[in-house]
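This report looks at the overall make-up of a two-chain model, taking each chain in turn. Please keep the sequence and the 3D view at hand while reading.

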Amino acid sequence: SSREHKLNFKKSKEVCLSYIQDAMLQKQWKRAAEFLTFYVESLEKDYSREYMGPSEIIWRIGTEILCHHSQSSMKEFNSFMEQMKTLGVKRYLKVCLEHTFRLLCNGLIDEAYQNLSLAESWRYGEQTAIQDKEMKLIQAYRGLLDYYSWSKQKNILLENSQDGFEDLSVEQEMHSCFRKAAVNLKEIIKIPGVWDQFVKCYVDLLEFYGDHNEARQVLNEYAYNSKFPANPNAHVYLYQFLKRHGESKKSLISALKILHDIAPSHELMIDFNTMLQKSKKRKKRRLGLEVIFAALDYAGWKENVKAWSCLARQVKQIVISEKHLDWIKVEWNSRKDWWPAFHFSRYLAKRNWQENESLSYEKALVAGILLGK
Amino acid sequence: MEFPAALFPSYFSTGPPREEGGPAPASGWGELGQVLEAGLGRRQAETFVPRRGGTGESWEPADAAAVPFLPPNAGSWIPSLLPQDILCRGIAHWKSRAGKSEAALDFSRQLGHFFVDHPEDAFGSLGQLLHKNFYLGNSKLRRPARESTIRMTALMEDIDRLEARRGCPRQRLVYRLRWFSHLCRDWLFEVPLGLLADCVHEELLLQWTSLLFDDIPTGGALAWLPPEDTGARMGRLVYPRGQAMNHLCILPSEVSWGGKGSRVALPLTGTPDFQDVVVEELPHARGSPAQFELNGRIRQVAAARVDGEDFVGVRSDYHCGVWKVPARMGAAPIPLQVIRTSVPASCLTVSPHLPGELSVCTQSGAVYLWSVETGLQRLRHDTQTMFFRDHSAWRWSDFTAHPRVLSCADRTGLQCLDSRAPERCHFDLFKVGEEGGCQQGERVVLPMYLGRAHPSQHLITTQFSVYVMDERLPLVPMLKWAHMMKAPPIFAHLTPGGPGRSHKVLLGTSRTQEMLLLQYRGEKQGGSQSACQLAGPPQKLHSITSCLQHLPTQLPHRHRLLQQRLSVPAAGLAAALQEDGPQESLLVFQLSEAGDVFCQRLTHRAAQAPAPTLGDEPCCPALPSPATALRYRRWLKALSKHWRPPTQQAWPPTLSQNRLFTRKELETPVSPSALHQQARQRLRQAMREGGRIQHWDTPAPQPLALPQPLEPVGRLDPLSARLTAAWSGDWGQWWEERTSFSVAQKQRALRERRRRQKRARGPRSLSASFTSSLTYQSELSELSDTAPVPCSPGCPTAVLPREGSPVGSSPPASPAPEEPLLSSQSLLCRGIPKERQKTLRDYLAVEEEDPPEPPEPPGSQLSQLCIPSSQSQLSSASQPRRKRPRMGF
């Protein structure tokens, strides 16, 4: 009968869970909370070896309910989280991380920082791969918060120096924040992933202390390491860095060329096109035409006046100079079967004219040249 | 379009998924995922936004349940296959092993059904050849027949017994069955048994997998064509209708009841000479058709608006068609083109960029770009899946931000192909693997291009999660959320939100009718695009079944029918956003496989609006409004009209014996065999005496083997004669003699009585009386020669009368009044010995006082029923017979 008891218990547990789930999906948080108090009983007799045990279910559901329940407070939430942390060793870091996120979203930066420090010092046996990742994230977020306090100190210092007096303690604190932030941020961005905000902060730190080489290396690594995903932002950050430091046109163009290859519809393509148009080299000007044509292939650019004026300008130039008409021909050949319907339909002409006259002008010019041929 | 200035942090690794697991009940709750600083770059404001769990808009259901939108679909709807139909003992045996479920399919029952339902296909020729050699009767086979005939009855009984003991642990093998099956397994079946079994098994597996997950309706067969001007209240709903769901209906939404257009049949001629698909021109529809009859069940309806005109693609198994619906309300839809495929199509999507462009996938692994103007272009043909091997033949394709680039999906992931150079230019958009943080066993269920919300975003659903992908950063999900739905979401619908608003995504499942409303945000904040966030908790919408409790109470069987009707799997969903001044509402339509369309309204509660007094929780009305209740009643009334009138089943069931037995079987044989007579006689006697029959079978030959010399029987009284016989040990024989004697006596008495009756009726010819008396004499004389009447070999040896019953007074069992005519006539030619004449006279005197012969007991008829026709043929049928009255059962 103990088997039967277990079966019955399991069944009623499942039913209870489905009631909770149902209430939550209908946003009846109070009802869900009532059911959850019954479900907590399942912790006492946890026979399951399932993928997701009741303690995790309680953590997840409890968190969600506390976030939406009209009578919950941050204090209650914190004490619930502390209880949840003790429930499962395997999940400790994850719960800590989620708790931190919650605190951060509520603007409780200091509490979040404390929470992270506490979690960082936690040790329990050998860490699994997932725990290792979570620990790295905890450190990275602590680094991020360190960066924010660094940047706060920096602002104070800058204001003070404008006023004419120096504060050594602030400066010292700022440097210690820098060290703590730099160590942790440096760690995470070595691992393949999307670390936009960490990279930005780390580069900012390095730039402030004048370590441009390191910064460039970090950005290059982030953009060009093949183990990392092809993140357009990595190339954007590198381009912006190069631009900030007055790098040569050539290196700027090569950075944008790669961005063009991975994301031809990126908004920087207009900058790229203008840069290329200004170039003396024929090859670059040709690339510019390719870039703007490619950008206008995308649905998101259909009504982009800037892009159309770029194209109109360049096409006009080519036609007036009567040189390199073949460039247009080559580009047009691969598009002539669908651009008219895509860009130059009667319906669009009418609508563009009603909504945006300047767009109409630019498009009309391009259409006249392209369709006229 | 701008790319978000910073994305949420995430790890990126490659390879097969490492995370084990399965559908976890609460996996979608409680996590924020990651946080990102909202105003990155701005100075002091350190506010963070979560990836999940942000605030969303509040949409509240306006009604207690889904409301019928159209009258019920006509036609008798056939209930679909249930797991009980194909599983062993009707119970699902789930062996959960590593997340895989296995069921015990009842293979032998299905094979048995096939043999019973299609005997001609199963045993046609050999059955005809051999049917004379198989005998299914109960009686023994006679000599000449036995040479070439097998009696199957015992075998059948064995099979029945086997069936009855099914699942019994102590079940033993029946050797006779084994022997028979070994003997004829190779030649008895029309189709070789192994081959047939393979086919049945394959079909069973197919049915089972489609029962577990049916991917044919992926995409859904319901579409909403919004009005051109968002403020207008008119739109069109495209849905399938009819008994076979083969009528495409395009209904202006303000028409809610009735309103049918003329039907236009689309004839399809010619055979494909194209490898897979062929283009055929369509005749123009005349008039203003709102309904088109197609020659196939509509599986999917896809729609997209290009340049103010809606293009509607319709997929059935072997045909895909495209219609153009002009923006002007009331304008007739124009059928444009139909293609026929040789392999079932699995996907049809309409380009949102170019008019008259669609993409088609077939189950053979081919992906086509279909342009109404230029025809079909095959982009890919690969029977293998893309990233790892998966058995599913399902393929999907959709459009992307670039009109010439198509996404191509199978269960393992998504690739984007450039249609201008499909071989060379492609990139992977989504992979089931570590890249997306997938679980083991996770598979792509439905990809959808979210172009109307953001030109480069795609939605991908799996059985566990939903993903939002961005073409510009392939392989890395912008958003991932575990949806916790009970079945894989194969329907999805996007309602894009304007600036500052969230995009609404509806997910729908088929079998469980679930619908979930998700909101996500990817809006511009402070000049730069912010990363994708899930906004607000997901919300469950009413399913069609939910209205059952609000429908008027029904009789139990009606209720059951209604329940069946309402809980059929969903076949599609659509949504329409209506703006009525400041009030916004979302109309959600759900289509069932029975063809019913239900809808529900969600009203938007703006953030500024004062919260209702009952706290912040949205309260769904508990009861339907009067108008809704009226709608329910009308719908139910219309549905009950479709149900077959009950008059056909109203009479109580009657059973006629005509149906149970053929006329031939009911006929009594002309002349029953001696064995029959004997048996009947004994039965009757045993009944009369309340005795019992001990040995029914043929007696052991021993008592008959040594005929004892007949002693002259003196004038012993019956008791002493009996005692004497008992003393000498052959009491049985004495009894034999006695009974047969009395039988003969009784027969004679009967005859005598008849003679007397005849005489009484009128003057008779002398010769006749003379003859009869003569025969009478001869009969008696013959009887005296051989003491016991030599009966058939199966003559009973001992029929024991009840103890103490007077033997003489109990008249022995008499043969049936009609039957003895034959035997008595033969007896007439026998003489009666002189010494027995007194006994006869005595007996006759007794007989005269006897009541007339009782009518034949009904049991005799039963016994005759069991006589197979072959036996009745054996007995001479030349004698004319009187028809017997039929006794009621």
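In this predicted model, the accessible surface of chain B comes to about 45,500 Å², and carbon and sulfur atoms hold 56% of that area. Chain B is built from 889 residues, of which 48% are buried, and its secondary structure is made up of 20 helices together with 41 strands. When the contacts in chain B between residues at least 6 apart in sequence are considered, 62% of them join residues at least 24 apart.

Chain A, with 373 residues, has 49% of them buried, and its secondary structure consists of 19 helices and one strand. Its C-alpha atoms fill a box of roughly 90 × 60 × 40 Å along the principal axes, and the radius of gyration of chain A is 29 Å, whereas a compact globule of 373 residues would have one near 21 Å. Among the contacts in chain A with a separation of 6 or more, 59% are between residues 24 or more positions apart.

The charged side chains of chain A comprise 56 positive and 47 negative ones, and the centres of these two sets lie 9 Å apart.

The surface values of the two chains are set out below.

| Chain | Accessible surface | Share of carbon and sulfur atoms |
|---|---|---|
| Chain A | about 18,800 Å² | 51% |
| Chain B | about 45,500 Å² | 56% |

Notes: Residues are numbered from 1 along each chain as its sequence is written. Chains are lettered from A and ligands numbered from 1 in the order in which they are written. This is a predicted model: local features need pLDDT of at least 70, side-chain atom pairs count only at pLDDT 80 or more; totals for chains, interfaces and linings use all residues. Side-chain values use heavy atoms; hydrogens and water are left out. Helices (H or I, at least four residues) and strands (E, at least two) are DSSP runs, numbered from the N terminus. Buried means under 20% relative accessible area, exposed over 50%, partly exposed in between (1.4 Å probe, protein chains only). Contact means heavy atoms within 4.5 Å. Accessible areas come from the Shrake-Rupley method with a 1.4 Å probe; for residues, only the protein chains shown count as cover. The radius of gyration is taken over C-alpha atoms; the globule rule is 2.2 Å times the number of residues to the power 0.38. Lys and Arg count as positive and Asp and Glu as negative; His and the chain ends are not counted. The place of a charge is taken as NZ of Lys, CZ of Arg, CG of Asp or CD of Glu.
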